[in-house]
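Q: I would like to learn how to read a few features of a protein model, one at a time. Could you give me the general idea in each case and then take me to the place where it applies?

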Amino acid sequence: MDRLAIVVPCYNEEEMLHMSAEALTKVIDDLVMKEKVSSDSFVLFVNDGSKDRTWELIEEEHKSNPERIKGLKLAGNVGHQFALTAGLITAKDMSDVTVSIDADLQDDTAVIEEMIDKFHAGCDIVYGVRNKRDTDTFFKRTTALGFYKVMHMMGVKSVYNHADFRLMSKRAVEEFSKYNETNLFLRGIIPLIGYQTDCVYYDRKERVAGESKYPLKKMLALAFNGISSFSVKPISMITGLGGVIVFLSIIAAIYALISFCMGSVVPGWTSLILSIWFLGGVQLLCIGLIGQYIGKIYIEVKHRPRYNIEKVLDK
């Protein structure tokens, strides 16, 4: 039978850790009892530089149940995407199939069995997809829908209403480990791997304890990182915008020349200043966007380690 690893990135999750360990251990025990995974399957908690007692609680859970609970301590806070990557690559050599899920238990653990069934049916990647977003605010629903539409327009492959709750086979994770880029956006990278995929659908739950680790600022940063890491269309849009402004400037020059010849010139400092401000703002925006791409190249060419592992609890 296949050995399952459930990878759980954690940042300041002391309020949820015990509940997560209990719930995920029960999932594995049920799957073992049904002979769908091997008896040495485990949960791997990845501590992403938490400032609370998260790591101490992981150590306690491991001490009380070393067969089921493993731990991975990163040397510092590197962010959710890097922490999840560290967990997946570490689990790759210890398991045959991995499931990634957040520690807040908002994703439905009951569908993990369905994921395993699809894996046994031949799927290498199974995405956990939300049925609906009724529990979200109107603002979050609207911005999420807009994000996926923009990603699609930019040519980025992504699964609608899917976050980072997914199953990956060993060979899928091995292929993923070859993507060594620093600007990580897993929701865009995983579909590039190929192989046979499928989806399971579930209703997302409310967070039981603790607070969301993805406020609006982080969500916007993730969205921009996803777009700029997978598409150069914003650069093409800048070129198009420049062409439009040049065209409008020519029209304006022709209009000004005709007005001058007809003697109907009216001095207008307001329109002149507004034009200068508008064009100056557009230029700064375009330079800033190009700078973001150059900055990403700068970070990538350094080839710095994406994370450092301080300690592993696997025995």
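This is a predicted model: local features need pLDDT of at least 70, side-chain atom pairs count only at pLDDT 80 or more; totals for chains, interfaces and linings use all residues.

Q: Where is Tyr-195 found, and what is its phi?
A: Tyr-195 is found in the loop between helix 7 (186-193) and strand 7 (197-202). Its phi is positive, at about 65°, although Tyr-195 is not a glycine. Because its relative accessibility is 34%, Tyr-195 counts as partly exposed, a label that applies between the cut-offs of 20% and 50%.

Q: Turning to the chain as a whole, how many helices and strands are there, and what share of the residues counts as buried?
A: The protein chain has ten helices and eight strands, and 44% of its 315 residues count as buried.

Q: How should I read the pattern of burial along a helix, and which residues of helix 2 are buried?
A: The general idea is that an α-helix has 3.6 residues a turn, so residues three or four places apart point the same way. In helix 2, which covers residues 54-64, the buried residues are Thr-54, Trp-55, Leu-57, Ile-58, Glu-61 and His-62. Seen down the axis of helix 2, these buried residues fall within an arc of 160°, so they line one face of the helix. The exposed residues Lys-63 and Ser-64 are carried on the face of helix 2 turned away from its buried side.

Q: How is a pair of packed helices described, and at what angle do the axes of helix 1 and helix 2 cross?
A: Two packed helices are described by the angle between their axes and the distance between the axes. For helix 1 and helix 2, the axes come within 10 Å and cross at roughly 35°, and the crossing is right-handed. Leu-17, His-18 and Ala-21 of helix 1 make the contact with Thr-54, Leu-57, Ile-58 and Glu-61 of helix 2.

Q: At what angle do the axes of helix 1 and helix 4 cross?
A: The axes of helix 1 and helix 4 (residues 112-120) cross at roughly 45° and come within 10 Å, and these two helices are therefore oblique to each other. Helix 1 passes helix 4 in a right-handed crossing, where Leu-24, Val-27 and Leu-31 of helix 1 and Ile-112, Glu-113 and Ile-116 of helix 4 make the contact.

Q: Finally, which backbone oxygen does the side chain of Thr-85 reach, and which one does the side chain of Ser-100 reach?
A: Thr-85, which lies in helix 3 (residues 80-92), counts as buried at 0% relative accessibility, and its side chain reaches the backbone oxygen of Gln-81 at 2.8 Å. Ser-100, placed in strand 4 (residues 97-100), is buried with a relative accessible area of 1%, and the side chain of Ser-100 reaches the backbone oxygen of Asp-164 at 2.7 Å.

Terms used
Residues are numbered from 1 along each chain as its sequence is written. Side-chain values use heavy atoms; hydrogens and water are left out. Buried means under 20% relative accessible area, exposed over 50%, partly exposed in between (1.4 Å probe, protein chains only). Helices (H or I, at least four residues) and strands (E, at least two) are DSSP runs, numbered from the N terminus. The arc is that of the directions from the helix axis to the C-beta atoms. A polar contact is a pair of N or O atoms within 3.5 Å; within protein, one must be able to donate a hydrogen and the other to accept it, and residues adjacent in sequence count only if both atoms are side-chain atoms. Axes are lines fitted to C-alpha atoms, for helices over the stretch in contact, and angles run from 0 to 180 degrees between N-to-C directions. Angles under 35 degrees count as roughly parallel, over 145 as roughly antiparallel, 65 to 115 as roughly perpendicular and the rest as oblique. A crossing is left-handed if the near helix is turned anticlockwise from the far one by less than a right angle, and right-handed if clockwise. Contact means heavy atoms within 4.5 Å.
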